[in-house]
Amino acid sequence: NMPVLDGIGATKKIRETDKIIPIIAVTACVEDHFRRETKEVGMNDFIGKPFNRKILYSTINKHVS
């Protein structure tokens with residue numbers, strides 16, 4: 001958890017002004033309800049912890065041209 005604003009709140013604020021920038025959740029909370037919530041607020045993708053570099057890089061490459 002981030003100290004002042006969590007990822008869901010941060011995504012909501014970002015999406016108020018930017019609908020395009022890719023946002024990828026990196027979290028240890030991998031329950032289906034949280035995965036759905038990240039999509040609902042506008043995150044583009046989701047990576048569960050622990051993860052390896054290959055997964056991180058391929059997920060980023062999927063969303064960045």
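This dialogue reads a few features of a predicted model.

Me: How do the axes of helix α1 and helix α2 cross, and at roughly what angle?

Reply: Angles under 35 degrees count as roughly parallel. Here the axes of α1 (residues 7-17) and α2 (residues 32-41) cross at roughly 15 degrees and come within 9 Å, which makes α1 roughly parallel to α2. The crossing of α1 past α2 is right-handed.

Me: Which residues of α1 and α2 make the contact?

Reply: On the α1 side they are I8, T11, K12 and R15, and on the α2 side F34, E37, T38 and V41. Sorted by class, this contact has 3 nonpolar, 2 polar and 3 charged residues.

Me: Is T27 buried or exposed?

Reply: Buried means under 20% relative accessible area. T27 has a relative accessibility of 14%, so T27 counts as buried. T27 belongs to strand β1, which spans residues 24-27.

Me: What does T27 contact, leaving aside its neighbours within four places in sequence?

Reply: T27 is then in contact with F34, F46, I47, G48 and K49. One of these, F34, also takes part in the contact of α2 with α1.

Me: Is K62 buried or exposed?

Reply: Exposed means over 50% relative accessible area. K62, in helix α3 (residues 53-63), has a value of 57% and is therefore exposed.

Me: With which side chain does the side chain of K62 make a polar contact?

Reply: The partner is the side chain of D45, at 2.8 Å. By contrast, the C-alpha atoms of K62 and V4 are separated by 29 Å, these residues being 58 residues apart along the chain.

Conventions: Residues are numbered from 1 along each chain as its sequence is written. This is a predicted model: local features need pLDDT of at least 70, side-chain atom pairs count only at pLDDT 80 or more; totals for chains, interfaces and linings use all residues. Side-chain values use heavy atoms; hydrogens and water are left out. Axes are lines fitted to C-alpha atoms, for helices over the stretch in contact, and angles run from 0 to 180 degrees between N-to-C directions. Helices (H or I, at least four residues) and strands (E, at least two) are DSSP runs, numbered from the N terminus. Angles under 35 degrees count as roughly parallel, over 145 as roughly antiparallel, 65 to 115 as roughly perpendicular and the rest as oblique. A crossing is left-handed if the near helix is turned anticlockwise from the far one by less than a right angle, and right-handed if clockwise. Contact means heavy atoms within 4.5 Å. Ala, Val, Leu, Ile, Met, Phe, Trp, Tyr, Cys and Pro count as nonpolar, Asp, Glu, Lys and Arg as charged, and the others, Gly among them, as polar. Buried means under 20% relative accessible area, exposed over 50%, partly exposed in between (1.4 Å probe, protein chains only). A polar contact is a pair of N or O atoms within 3.5 Å; within protein, one must be able to donate a hydrogen and the other to accept it, and residues adjacent in sequence count only if both atoms are side-chain atoms.
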